[in-house]
Amino acid sequence: MAEVQKKKKKIPQRKCVVCGEHGDKRQLVRIVRNKEGKVFLDRTSKANGRGAYICAKEECFEKACKGKFLDRAFKQEVPLDVYESLRKEMLNDKK
């Protein structure tokens, strides 16, 4: 009998908006802006809205805050308090 070849499952690749490195979708942190303009961390990677991906590295997130990378990705100004809340959520996830 002929062996059935298993198809390799394609792993979605995404690009970090800060450093530009490509990586598996599951390894990156997704940040979303929904229709109402609310920006939040998307742990499920299934929330509706415009998504931007950032490496899970702390230095990438710090660069995103200082360089306003999320402002460019979402084509709107992201308030500083949103950056602070995202920072707290990311730090809590690492614990």
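**View 1. Asn34 and its neighbours.** In this predicted model, Asn34 touches Phe40, Asn48 and Gly49, leaving out residues up to four places away in sequence. To find Asn34, look in the loop between β3 and β4. Is Asn34 buried or exposed? Its relative accessible area is 17%, and because the limit for buried is under 20%, Asn34 counts as buried.

**View 2. The hairpin of β3 and β4.** Here you can follow the chain as β3 and β4 form a hairpin, with five residues between them. The two strands pair in the antiparallel sense, over four bridges. Which residue of β4 stands opposite Arg33? That residue is Val39. Do stop at the turn, where Gly37 has a positive phi of about 90 degrees.

**View 3. Arg33 and its contacts.** Arg33 lies in strand β3. With a relative accessible area of 22%, Arg33 is partly exposed. How close does the side chain of Arg33 come to the backbone oxygen of Phe74, and what is the value in Å? The side chain reaches that oxygen at 2.3 Å. Setting aside neighbours within four places in sequence, Arg33 is in contact with Lys38, Val39, Gly49, Arg50, Phe74 and Gln76.

**View 4. The largest nonpolar core.** This core has 24 residues. Which of them have the most contacts inside it? They are Ile31, Ile54, Leu70 and Leu86. Strands and helices both take part: β3 (29-33), β4 (39-42), β5 (50-54), α1 (58-67), α2 (69-74) and α3 (80-94) each supply at least two residues of the core. Not counting residues up to four places away in sequence, Ile31 touches Val39, Phe40, Leu41, Arg50, Gly51, Ala52, Ile54, Leu70, Phe74 and Leu86.

**View 5. The largest pocket.** About 150 Å³ of space lies in this pocket. It is lined by 13 residues, and the closest to its centre are Leu28, Val29, Arg30, Leu41 and Asp93. At least two lining residues come from each of β3, β4 and α3. Which element gives the most to the lining? The answer is α3, with three residues.

Notes. Residues are numbered from 1 along each chain as its sequence is written. This is a predicted model: local features need pLDDT of at least 70, side-chain atom pairs count only at pLDDT 80 or more; totals for chains, interfaces and linings use all residues. Side-chain values use heavy atoms; hydrogens and water are left out. A nonpolar core is a set of buried Ala, Val, Leu, Ile, Met, Phe, Trp, Tyr and Cys residues joined through side-chain atoms within 4.5 Å. Buried means under 20% relative accessible area, exposed over 50%, partly exposed in between (1.4 Å probe, protein chains only). Contact means heavy atoms within 4.5 Å. Two strands pair if DSSP finds at least two bridges between them. On a 1 Å grid over the protein atoms alone, a cavity is a set of points where a 1.4 Å probe fits but cannot get out, and a pocket is an open set with protein on both sides within 12 Å along at least five of seven lines; lining residues have an atom within 4 Å of a point. Grid points are joined across faces, edges and corners, and a volume is the space filled by probe spheres set on the points. A polar contact is a pair of N or O atoms within 3.5 Å; within protein, one must be able to donate a hydrogen and the other to accept it, and residues adjacent in sequence count only if both atoms are side-chain atoms.
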